[in-house]
Amino acid sequence: MSNPKPGEKVIKGLTGSEGIAIGPVLVVDEKRKRIQPRKIKADAIYVHLQRFAKAKAAFLKELDELTLNLDKKTAEILETQKHIISDREIEKKINSVIEVELYDVEYAIYGTFNEFIERLRESGSELFQQRIVDLENLRDRLILLACDNDRELEIEKGTILVLQDISPTDLVTYHEKGIKGLVMDKGGVTSHAAIIAQSLNIPCIVSTKVGVRHASNSRKAVLDASSGELILNPSRAVLTEFKKKIRDLNKAQKAFIKAGERSETKDGFPFHLRANIEFQQELILANEFKAEGIGLLRTEALLFGGMSKRSEIEQDKYYDSILSGMSGPVTIRLFDVGGDKLHSQTPDENNPFLGWRGVRMLLDEKAMLISQFRSILRCAGKYPGRIRILVPMVALVEEVVQVRKVMEEVQKALMDAGIPIDESVPLGIMVEVPSVALLADKFAKEVDFFSIGTNDLTQYALAVDRGNERICSLYQQHHPSVWQLIKATVKAANENAVPVSVCGELAGNKLGALCLLGMGVNDLSISPASIPKVKEVLTSRSMLELRDFSEKVLDCSTTEQVHEVYGSWD
Ligand code: PEP
Ligand code: MG
């Protein structure tokens, strides 16, 4: 946008999901989220008093358990904490805020502790200042133990949500409540939340670093995600300008859909555009934009509540809902837990993206792998010829061999039990670790298909954490090294007659998709929202032109050069 008007403030970030939104702003500051003053009805007093009593008891128990294994000095600190929590004055005050003033338990704890903290702060004593941090920690722990996880967050429809980071499940919940835009201080352009925002057609910017800080006092904003800007307190002129842009975008999208009925280049080379999804809600857009099936079904959401809570029956229902909600092939990826997709069993690791992730976890957690295979194979029996199984985060040939062995054992057990299965379900791997691209001809002997995951391939080729906003400029999906790894994979796939597709975000980028098709990859799986624009661009060029284009890209040695080649085409 042009220079901001008085009162406006522009926050810059990176495009996580294109589009424009105008709406009220809601800042969800994780630290402050539960501490807004919230009144309760008289009949809820008892529940809130109970929640405080239980939180206090749970905290004291935690401290007791901790004290057992500590040296004397540290144990003494915990003893002091126990005294504070057991303090009669604090307890009386919290209970009275609930009973008399009719505030909920979170606010009662928050307000009461803050009063004490303020008194310490005003005392000016250096010693007391140090105690403030302890008290704040105590307060937050107590609030956490007392908080009601099921409490509904009320949201105005059309809200632009501003926060540090968000889990995929929370994002889907917020989407169902009607949010229209997402701004994250953290995360990279291929972080999990950004990918889901695309699928749900929610404009999103990431890596804003200061969004939460600056947006807290704003009522309204314009989110121009395509150019990576959040405009706080927009002037009337800016609102008018962006309302027009939204109308134009809607018109253009309708035109794309019409233009995109055909799936072949100008000179008749066919291509396939499939959808990447994780949640059932994403099927709506995938169907609307006529995706040719699901090229990547991420299944991690099944685990977010903790594996123990998810039975095989729930898995069965989930796969069935996807297969019945969409025609065409569906590639189901085995659980890719780890990295930025954590669940309750993921351990704390210094380098989660290099750690216990994907196939590494699956081979250790055999029961989980077997159960997922059982469920998918049963579903394949119901929908023969439509399911393919994809193994994530493979780095070694041995890993594929072991996974196939488990799959065959499960197939045999199901057949012995008389359960119908599809015996020829293809087993393929994600090509997302450079070792696989480099040894693609060896892997080709062991697998039925390749699916190139450029999001991780980029992070592992360039040694750049894809979710780290501090180094996000180094996360270059179009870097020549990524293109060379793709080239090596495609060559080995063709020589061994192994089908190859691309399911990373690179394929959802217009120029990335053009180059991939020029290299001979005609099977792309992308966010449903990207289908119309990619289809439009692929149908507008001939294969001859695309081959020439990709040769030029493959000749580059820097990302800047790649962008120059793109520039001459755009
Ligand atoms: C990828 O790594 O490119 C990919 C598609 O998988 P995810 O983004 O889920 O890691
Ligand atoms: Mg990946």
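Is glutamate 432 buried or exposed? At 1% relative accessibility, glutamate 432 counts as buried, where buried means under 20% relative accessible area, exposed over 50% and partly exposed in between, with a 1.4 Å probe and protein chains only.

Before you go further, note that this is a predicted model, in which local features need pLDDT of at least 70 and side-chain atom pairs count only at pLDDT 80 or more, while totals for chains, interfaces and linings use all residues. Residues are numbered from 1 along each chain as its sequence is written, chains are lettered from A and ligands numbered from 1 in the order in which they are written, and side-chain values use heavy atoms, with hydrogens and water left out.

**The magnesium ion**

Select ligand 2, a magnesium ion, which is coordinated by Glu432 (OE) and Asp456 (OD) at 2.0 to 2.1 Å; donors here are N, O and S atoms within 2.8 Å of the metal (3.2 Å for Na, K and Ca), and because water is not among the atoms, sites may look incomplete. Glutamate 432 lies in the loop between strand E13 (427-431) and helix H15 (434-438), whereas aspartate 456 lies in helix H17, so the pair ties together parts that are 24 residues apart in sequence. Helices (H or I, at least four residues) and strands (E, at least two) are DSSP runs, numbered from the N terminus. Aspartate 456 is also buried, with a relative accessible area of 3%.

**Ligand 1**

Next select arginine 298, where a polar side-chain atom lies 2.7 Å from an oxygen atom of ligand 1, and then threonine 454, where a backbone N or O atom lies 3.1 Å from a ligand 1 oxygen. Taken alone, ligand 1 exposes 290 Å², and the protein buries 100% of that. Helix H17 (residues 454-462) gives the most to the shell around ligand 1, with three residues.

**Aromatic pairs**

Finally, select phenylalanine 549 and tyrosine 566. A search of the whole structure finds four aromatic pairs. Phenylalanine 549 and tyrosine 566 form a tilted one, 5.9 Å centre to centre with 40 degrees between the planes (centres within 6.5 Å; under 30 degrees is stacked, over 60 edge-to-face, the rest tilted).

Methods:
A polar contact is a pair of N or O atoms within 3.5 Å; within protein, one must be able to donate a hydrogen and the other to accept it, and residues adjacent in sequence count only if both atoms are side-chain atoms. Accessible areas come from the Shrake-Rupley method with a 1.4 Å probe; for residues, only the protein chains shown count as cover. Rings of Phe, Tyr and Trp (its six-membered ring) pair if their centres lie within 6.5 Å; planes under 30 degrees apart count as stacked, over 60 as edge-to-face and the rest as tilted.
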